[in-house]
Amino acid sequence: MIDLFYAPTPNGWKISIFLEEAGLPYTVRPVNIGRGEQFVPDFLAISPNNRIPAIVDNDPAGGGPPVSVFESGAILLYLAEKTGRFLPVDLRGRTATLEWLMWQMGGLGPMLGQHGHFRLYAPEPIPYAIDRYAREAERLYGVLDRRLAATGACVAGEAFTIADMAIFPWVVTHKAQGLTLDDYPAVKAWFAAVRARPGVQAGMAVGRATRPAEMDAETRRNLFGQGAAKPGSPA
């Protein structure tokens, strides 16, 4: 059984999608990130970067004590290797999958995160930041569009992989990012095909009712940057 420490965000959706697609039994352990539950000691013990998602595998390969994993990319790799699914075993397929997984982790996710922050949540508009990240978001969408036009199917090739699972939840945010998929026809076709998958739909539905209805002062403080206190400073 997998314990999934989770909130319904793009990074959380990656893991709930995998678990639903793979049919793995799991228990959701909600983490209310708007109320600062990501900073409590019990959660930090398994996710020292105070970010969701994290998992605890209570039945790891080879037996022994439970294994905890934090960071969404590491979790996807762990689950793919545990199940033998959604990560090709041939050299080229595996390499392509890992390339595009790392592209999401190092590029698409962080850049869209910054773009969304400065576009939607910054206390005052900063035109330079908005323009800089908007341009980078558009560039990354162009990279993805060209890749999908070349494969004609999924990100790493013909097969649906953890790379698609990592990228799709961030593309879900395209309207809030001020982007239209009409400008990226290959992304649009891929997005529709992935969204139609029952496992993806089930994964995206996990915890939907717990999404915060409004961005109050406490939520803003917990999400945007207070983090852990510096050593020697008041908590």
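1. Helices H3 and H6 pack at an angle of about 145°, with their axes 10 Å apart. Axes are lines fitted to C-alpha atoms, for helices over the stretch in contact, and angles run from 0 to 180 degrees between N-to-C directions. Helices (H or I, at least four residues) and strands (E, at least two) are DSSP runs, numbered from the N terminus. The crossing of H3 and H6 is right-handed; a crossing is left-handed if the near helix is turned anticlockwise from the far one by less than a right angle, and right-handed if clockwise. Leu76, Leu77 and Ala80 of H3 make the contact with Ile162, Met165 and Ala166 of H6, where contact means heavy atoms within 4.5 Å. By class, the contact of H3 with H6 has six nonpolar, no polar and no charged residues. Ala, Val, Leu, Ile, Met, Phe, Trp, Tyr, Cys and Pro count as nonpolar, Asp, Glu, Lys and Arg as charged, and the others, Gly among them, as polar.

2. A word on the source: this is a predicted model, in which local features need pLDDT of at least 70 and side-chain atom pairs count only at pLDDT 80 or more, while totals for chains, interfaces and linings use all residues. Residues are numbered from 1 along each chain as its sequence is written, and side-chain values use heavy atoms, with hydrogens and water left out.

3. H6 is mostly covered, with 10 of its 10 residues buried. Buried means under 20% relative accessible area, exposed over 50%, partly exposed in between (1.4 Å probe, protein chains only). The buried residues of H6 pack against H1, H3 (72–83), H4, H5 (127–151), H7 (185–195) and H8 (198–205).

4. The axes of H4 (residues 91–121) and H6 (residues 162–171) come within 8 Å and cross at roughly 15°. That makes H4 roughly parallel to H6; angles under 35 degrees count as roughly parallel, over 145 as roughly antiparallel, 65 to 115 as roughly perpendicular and the rest as oblique. H4 passes H6 in a left-handed crossing. Among the residues making this contact are Trp100, Trp103 and Leu108 of H4 and Ile167 and Trp170 of H6. The residues of the contact of H4 with H6 divide into 10 nonpolar, four polar and no charged.

5. The axes of H1 and H8 come within 7 Å and cross at roughly 135°. H1 and H8 are therefore oblique to each other, and their crossing is right-handed. The contact is made by Trp13, Ser16, Ile17, Glu20 and Glu21 of H1 and by Gly199, Val200, Ala202, Gly203 and Met204 of H8. This contact of H1 with H8 has five nonpolar, three polar and two charged residues.

6. Turning to the strands, an open sheet of four has the order S2-S1-S3-S4, with mixed pairing. Two strands pair if DSSP finds at least two bridges between them. S2 (26–30) and S4 (67–70) are the edge strands, each pairing on one side only. The twist averages 20° from one strand to the next.

7. S1 (residues 2–6) and S2 pair in the parallel sense over five bridges. Ile2 stands opposite Tyr26 in S2, and the bridge partner of Asp3 in S2 is Thr27. Five of the five residues of S1 are buried, so S1 is largely enclosed by the rest of the structure. Ile2, Leu4 and Tyr6 point one way from S1 and Asp3 and Phe5 the other way. H1 (residues 10–22) lies across S1, S2 and S3 (54–57), running at about 155° to S1.
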